[in-house]
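Trainee: I would like to learn how to read strand pairing and sheet order. Could we work through one example together?

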Amino acid sequence: MSELDNRTDGEVMEEKTSRNFIEQIIDRDLAEGVYETVHTRFPPEPNGYLHIGHAKAILTNYLLAQQYGGKFNMRFDDTNPTKEDIEFVESIKADVQWLGADWEDRLFYASDYFGQMYEAAVKLIKKGKAYVSDLTAEQIREYRGSFTEPGREDPGSGRSVEENLRLFEEMKEGKYADGEKVLRARIDMSSPNINMRDPVIYRVAHMSHHNTGDAWCIYPMYDFAHPIEDAIEGITHSICTLEFEDHRPLYDWVVRELEYPHPPRQIEQAKMYLKNVVTGKRYIKRLVLDGKVDGWDDPRLVSIAALRRRGFTPQSIRRFVEMCGVSKAHSVADYAALEYCIREDLKTQAPRYMAVLDPVRLVIDNYPEGQTELLSAVNNPENEELGGREIPFGRELYIEREDFMEEPPRKYFRMFPGNEVRLMNAYFVTCTGCEKDESGNITAIHCTYDPASRGGNSPDGRKVKGTIHWVAAHAAIPAEIRLYENLIDEEKANEQGSIYDESGELYLNPHSLTIKQGFLEPAFAGAQAYERFQFVRQGFFCVDVRDSTPERPVFNRIVSLKSSFALPRQEASAQ
């Protein structure tokens, strides 16, 4: 599990010998014999794509099971067919597998237990602990009272056990319309916890279910179904987020009244929030439907599918989750911390090749026409195991347009008339001038080279201050390169203190996607979907899984090379 623990001030503690609060609870339960082992689960509702916050839930549950030599279940809480879809089921399975959380043969669905849930409801009715209500949803809210006023008894609460059994059976048989009747738990209408004021545990819904089809027209409510699922599967520690803290008494009531022999323990932890990032499913869905983003896996989003498509690795997500830690207190993480984690993961793994994103021709006038040669380069100076490659070189190259200026400012060390620079891994060249079109746009740059400086080193020991990358024109691979920024306009969001305006619309960044048509060196040939590279001086990039083809590769920028994130002092000193 994590060696780092998050605190309310957002600082990461020194390497610790103490356990986080969840580990402390589990240690105590095992020591006292409450449970003999640890069995956790990840229970998503299949009503959307998972996001970075869910990654914390997945990894927390899975890594706890691994740490204690226990088991980890994957279970879909599919009790609400009005919002669920098989597309979401499949996407969630893919996300969990990609993160490395292995459920082995323990893939379950809440709908697998509908029969047992129905029998559980019947058991509560027979115990006098549940009754059928005729109140509408609005009336139930009215009868429930408020935080300052107790609730009123439901007129249906006085029905006999026999009548309730008959009515509940008729609900199951489809004799009532949606909303006409519900089954409520009989607990305490004067409870200070509103969740305990006779909550609805079953409702009528004539909906086809993605897993059970039309077998049922009544469906259990989440707060009733969830503890039953945990108990059936033998879950020991049911880890959820803080918004369920007030629901824990109901969770405990359900497993107690249904007399499960080894009731699970619910434990709440804080959610993981990212500053100026959209995670809400309804907002993402709206962005998708309005065409503001390219689907649920648009690389500007932080859905797990989007992070995977953009090029993040499972290891970087895990490192980020561990940096955020386990806490009872809400905190907000900086997206720059997530970027730091992927940089750290890729800096020694990704080969460093040359790519020109905004190309302009460079002509070496004294290089023999028609001549080409191969120059040697290492693939990653920080990892010898990645080896080296041969790079083709010729008279005409492509360089970055920003690497040339006719009238440069002071301390500009790249290419300008009269200045000598190093072509990376190649030669020293001296700029002699440029060509322009009728509009004054630069169409070509001219230079001469020093044949004695092959490999980028001068035999007479002279120094140059500028080194630029390049791609040989005769061997260049055309490519589309997508540069991403935050989907949210951070300046406006920071000014207003929210990513939403007064009407609830998102402050969208009009420059969140920039598309370049560039050139790659031949080493990129044959790159496969999800393959990751460092573009020299540009950042880390990934082959797009959806749009890239061998004939026209498409690369997504994962992250730039420069970071605005500084490791907290304690972690930096530990490295």
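Trainee: In what sense do strand β5 and strand β6 pair, and over how many bridges?

Mentor: One caution first: this is a predicted model. Now the general idea. Strands of a sheet pair through backbone hydrogen bonds, either parallel or antiparallel. Here β5 covers residues 182–185 and β6 covers residues 200–204. Their pairing is antiparallel, over three bridges.

Trainee: Which residue in β6 stands opposite Arg-184?

Mentor: Val-200 does.

Trainee: What is the strand order of the sheet that holds this pair?

Mentor: The order is β4-β5-β6-β7, with antiparallel pairing. These four strands form an open sheet. The edges are β4 (130–133) and β7 (218–220), and each pairs on one side only. On average, neighbouring strands of this sheet are turned by 20° against each other, direction ignored.

Trainee: Which helix packs on this sheet, and which strands does the helix touch?

Mentor: Helix α6, residues 161–172. The strands touched by α6 are β4, β5, β6 and β7. Against β4, the direction of α6 makes about 60°.

Trainee: Now the sheet of seven strands. What is its order?

Mentor: Take β12-β25-β26-β27-β23-β24-β13. This sheet is open too, but its pairing is mixed.

Trainee: What angle does helix α12 make with β27?

Mentor: About 115° between the two directions. Helix α12 (residues 335–346) packs on the sheet and touches β25, β26 and β27 (554–559).

Trainee: Where can I see a parallel pair?

Mentor: Look at β14 (residues 359–364) and β20 (residues 442–449). They pair in the parallel sense over four bridges. Leu-362 has Ile-445 in β20 as its bridge partner.

Trainee: And how does β19 pair with β20?

Mentor: In the antiparallel sense, over seven bridges. Strand β19 spans residues 428–436. Thr-430 stands opposite Thr-448 in β20.

Trainee: How many residues lie between β19 and β20 in their hairpin?

Mentor: Five. Check the turn as well: Gly-440 has a positive phi of about 90°.

Technical notes: Residues are numbered from 1 along each chain as its sequence is written. This is a predicted model: local features need pLDDT of at least 70, side-chain atom pairs count only at pLDDT 80 or more; totals for chains, interfaces and linings use all residues. Side-chain values use heavy atoms; hydrogens and water are left out. Two strands pair if DSSP finds at least two bridges between them. Contact means heavy atoms within 4.5 Å. Axes are lines fitted to C-alpha atoms, for helices over the stretch in contact, and angles run from 0 to 180 degrees between N-to-C directions.
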